[in-house]
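Subject: Handover of a structure and its findings

Dear colleague,

Please find below the sequence and structure that I am handing over to you.

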Amino acid sequence: EAMALVKTPANGYFIGGHTMDGSLIIAKLDSNANVLFSQTFGTKNFDKLNNLILLSDGGVLAVGTAATSRDSSDELFETGLGLNDIYLTRFSKNGQKLWSKKYGTKHDDQGIDAVEANDGSIIVIGATSYDKNKNLTMMRITENGNKIWLKQITEGDKVTPYKIIKLRDGNFLLSVTKRDELNKEQIRLIKFNLQKNILIDREISTSYSSALKDIKEYSDGTIVGV
C-alpha cells in the first residue's frame, strides 16, 4: 500500500509504503516514472509507514510506527520503548539507508509527520496512547537522529495530531484537533519555536466535527488548510 509521495528537485519522485506482512518499502522514480531503485526495510516485527519528508540534501526521511522488538538479536531491541514506537529512517538521495531509529515513551506511540528546520535538525510529531487517552508528542532530533528534546501535551483523550509545517519565520505550525465537551473534533493550531516554546495556541470551533489534515503558508504569511 502506497502511503506517501514526494517530488524531487529533478522532477522525479520518492514513493513509500508498507506491505501486508509489515515490511516498509521505498522507491525512487525519474521524471518518466522509471524506477531508479527500490528496497524494503524495517524491523522484524510489524511496521507501518505514515509519511515521507523530502530533506534539503535531496534525501528523504521515512516516518512511521514499529511494533516493539522483543528479539534480543534485533539491532533495535535496545530502543524498543513501548507497545509501538515512532520509527524513523533516513535515506540519501541515492537510496542509501543512513540510519534507522526508534523513539517514544513506555506507552503506545505512533509517528505522524516531520519537518526539517533551518539548522538541519528535524521536528517530529506523533500520537501517544494509553488506557483511553491520546496525547500529542513533539520531538526534535539532530540530522543524525539523536534526540534533542521530547515534549508532550497531555489532555486526556482530546488531542490528535495531523500535520506540521515550517513557517517562513523559522518557527513551526502544528495542526491538531481537540475534542470538545460534546466529543466533537475541533480545529486547533499550535505555533512553537525550535526550543519547544509555545508561541500561539488557538482553537477554531465549528458546528460539526472538523479537522485540518493539511496546511500550507502563503508568501504573505497567511495560512490555508483543508
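Four strands form an open sheet in the order 9-10-11-12, with antiparallel pairing. Here strands are DSSP runs (E, at least two residues; helices are H or I, at least four), numbered from the N terminus, and two strands pair if DSSP finds at least two bridges between them. Strand 9 (108–116) and strand 12 (147–153) are the edge strands, each of which pairs on one side only. From one strand to the next, the twist averages 20°; the axes behind such angles are lines fitted to C-alpha atoms (for helices over the stretch in contact), and angles run from 0 to 180 degrees between N-to-C directions.

Strand 11 (residues 133–141) and strand 12 run antiparallel and are joined by six bridges. Within this pair, Met 138 stands opposite Lys 151 in strand 12.

**Source and confidence**

This is a predicted model, in which local features need pLDDT of at least 70 and side-chain atom pairs count only at pLDDT 80 or more, while totals for chains, interfaces and linings use all residues. Residues are numbered from 1 along each chain as its sequence is written, and side-chain values use heavy atoms, with hydrogens and water left out.

The protein has a mean pLDDT (the predictor's confidence in each residue, from 0 to 100) of 90, and 92% of its residues reach 70 or more.

**A hairpin**

Strand 3 (residues 24–29) and strand 4 (residues 35–41) also run antiparallel, joined by six bridges. Ile 25 has Thr 40 in strand 4 as its bridge partner. Five residues lie between the strands of this hairpin, where Ala 33 takes a positive phi near 70°.

**Nonpolar cores**

A nonpolar core is a set of buried Ala, Val, Leu, Ile, Met, Phe, Trp, Tyr and Cys residues joined through side-chain atoms within 4.5 Å. Buried means under 20% relative accessible area, exposed over 50%, and partly exposed in between (1.4 Å probe, protein chains only). The largest core has 17 residues, of which Ile 123, Leu 136, Ile 164, Phe 172, Leu 174 and Phe 192 touch the most other members. Strand 14 (172–179) gives the largest share of this core, three residues. A second, separate core of 14 residues includes Leu 24, Val 60, Tyr 87 and Phe 91.

**Two buried polar residues**

Thr 128 is in strand 10 and counts as buried because its relative accessibility is 1%. Its side chain makes a polar contact with the side chain of Asp 109 (2.5 Å). A polar contact is a pair of N or O atoms within 3.5 Å; within protein, one must be able to donate a hydrogen and the other to accept it, and residues adjacent in sequence count only if both atoms are side-chain atoms.

Gln 186 belongs to strand 15 and is buried, with a relative accessible area of 4%. The side chain of Gln 186 makes a polar contact with the side chain of Asp 180 (3.2 Å). A polar atom of the Gln 186 side chain also lies 2.8 Å from the backbone nitrogen of Thr 206.

With kind regards
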